[in-house]
Amino acid sequence: GYAEEPLLLAELKPGRPHQFDWKSSCETWSVAFSPDGSWFAWSQGHCIVKLIPWPLEEQFIPKGFEAKSRSSKNETKGRGSPKEKTLDCGQIVWGLAFSPWPSPPSRKLWARHHPQVPDVSCLVLATGLNDGQIKIWEVQTGLLLLNLSGHQDVVRDLSFTPSGSLILVSASRDKTLRIWDLNKHGKQIQVLSGHLQWVYCCSISPDCSMLCSAAGEKSVFLWSMRSYTLIRKLEGHQSSVVSCDFSPDSALLVTASYDTNVIMWDPYTGERLRSLHHTQVDPAMDDSDVHISSLRSVCFSPEGLYLATVADDRLLRIWALELKTPIAFAPMTNGLCCTFFPHGGVIATGTRDGHVQFWTAPRVLSSLKHLCRKALRSFLTTYQVLALPIPKKMKEFLTYRTF
């Protein structure tokens, strides 16, 4: 099995601006790669987002990595290679999300006949701001395309539908989620109410059927992306839930809570499939602080065999889906968020002091069994699998009940 510790590949550190009090407003609350893997968005604090072409330039890479990671450098440095861009959002940035790429070609035709409509057939980045605004930027040019107003407080998280329909979901401290259609000038098409606390996290299932939201409450809300109504509340955590993510085939949902547990759910049936407990690694650490391993963030790897979690006990953990204990750890102080590179092999993490770190992640070839399961579960619900005329063992494997 894979047991190498994650290695630090590179680190981004904010320079110190003079006009600000340095201590506040430099947190990196979210990190994002574009779905095609060609851009990284770094909220470097103080209202600034940097759009950085991926792979990274030399200046960010520690000595010793150049030779390995840069073999194809000369070919990529041709004409027209993308340049780093700086987006001044005018407000502290909390949430970030890239649109799927590319968006439907029909959109381009439509835009040609309506030149006054901003052309959102390009790759865009949505930024959720401190004052409740959402700004939509064109990645290629760094231009501001749209400004979405409606939220009354911090926009904490953002999520685009993976289908490319340019529907954007936002989660806010005003206790609502809002649905926006970027094809219709960013029109607000729905407000989802029901949470009693700040909404921290929203995640849309890859099949675009469900939306999960976590709002610092013990229960997790699961919404229909077709009717925008509440499907069910998932009950099982003992404390505030702050992060959630769907598996790439939409068959699993993971939620992370201050109760130090990640719960893996079947989103279709609402069943708890297993819990991953974040135990203290170093017994010498003072355990009088209840929140010592409060979780901050959980995410699935792109092939769906691993999870990454960031907790307040100064560790990034990597978990294999079928094991109850982490397979690897990396030391990480003040971690707030994590995400996998879309093509695997790298995890990006953001911290309270505005740093972003890139770590090696397990590179794995999925078994044929897992690839078949992933392909089937991308369009079959748990109930549809259970109705198939196949052996029970096969059903258990296809519904991830073989842990």
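How many aromatic pairs does the structure hold?

A: The structure holds nine aromatic pairs. Rings of Phe, Tyr and Trp (its six-membered ring) pair if their centres lie within 6.5 Å; planes under 30 degrees apart count as stacked, over 60 as edge-to-face and the rest as tilted. The model is predicted: local features need pLDDT of at least 70, side-chain atom pairs count only at pLDDT 80 or more, and totals for chains, interfaces and linings use all residues. Residues are numbered from 1 along each chain as its sequence is written, and side-chain values use heavy atoms, with hydrogens and water left out.

Start with phenylalanine 33 and phenylalanine 341. Their ring centres are 5.2 Å apart and their planes stand at 75°, so the pair is edge-to-face. Phenylalanine 33 lies in strand 2 (residues 31-33). Phenylalanine 341 lies in the loop between strand 26 (335-340) and strand 27 (346-351). The pair therefore ties together parts that are 308 residues apart in sequence. Helices (H or I, at least four residues) and strands (E, at least two) are DSSP runs, numbered from the N terminus. Phenylalanine 33 and phenylalanine 341 are both buried. Buried means under 20% relative accessible area, exposed over 50%, partly exposed in between (1.4 Å probe, protein chains only).

Phenylalanine 341 also pairs with tryptophan 54. Here the centres are 5.6 Å apart and the planes at 35°, so the pair is tilted. Tryptophan 54 lies in the loop between strand 4 (48-53) and helix 1 (66-69), so its pair with phenylalanine 341 ties together parts that are 287 residues apart in sequence. Tryptophan 54 is buried, like phenylalanine 341. Ring pairs link Phe33, Phe40, Trp54, Phe341 and Phe358 into a cluster.

Next, charges over rings. A charge sits over a ring if NZ of Lys or CZ of Arg is within 6 Å of the ring centre and within 35 degrees of the ring normal. Arginine 173 lies over the face of tryptophan 198, 3.8 Å from the ring centre. Lysine 369 places its charged end over the ring of phenylalanine 397, at 4.7 Å from the centre.

In an unreviewed entry, UniProt gives "domain: SOCS box" for residues 367-403. UniProt positions are given in the numbering used here, feature names are shortened, and annotations may be inferred rather than shown by experiment. Residues 367-403 are 59% helix and 0% strand, with end C-alpha atoms 16 Å apart.

Residues 125-147 are 61% strand and 0% helix, and their end C-alpha atoms lie 12 Å apart. Residues 148-183 are 50% strand and 0% helix, with the end C-alpha atoms 13 Å apart.

Now the sheets. Two strands pair if DSSP finds at least two bridges between them. Strand 12 (residues 177-181) pairs with strand 13 over five bridges. Leucine 177 stands opposite leucine 192 in strand 13.

Another open sheet of four strands runs 14-15-16-17, again antiparallel. Strand 14 (201-204) and strand 17 (230-234) are its edges, each pairing on one side only. Strand 16 (residues 220-224) joins strand 17 through four bridges. Leucine 222 has arginine 232 in strand 17 as its bridge partner.
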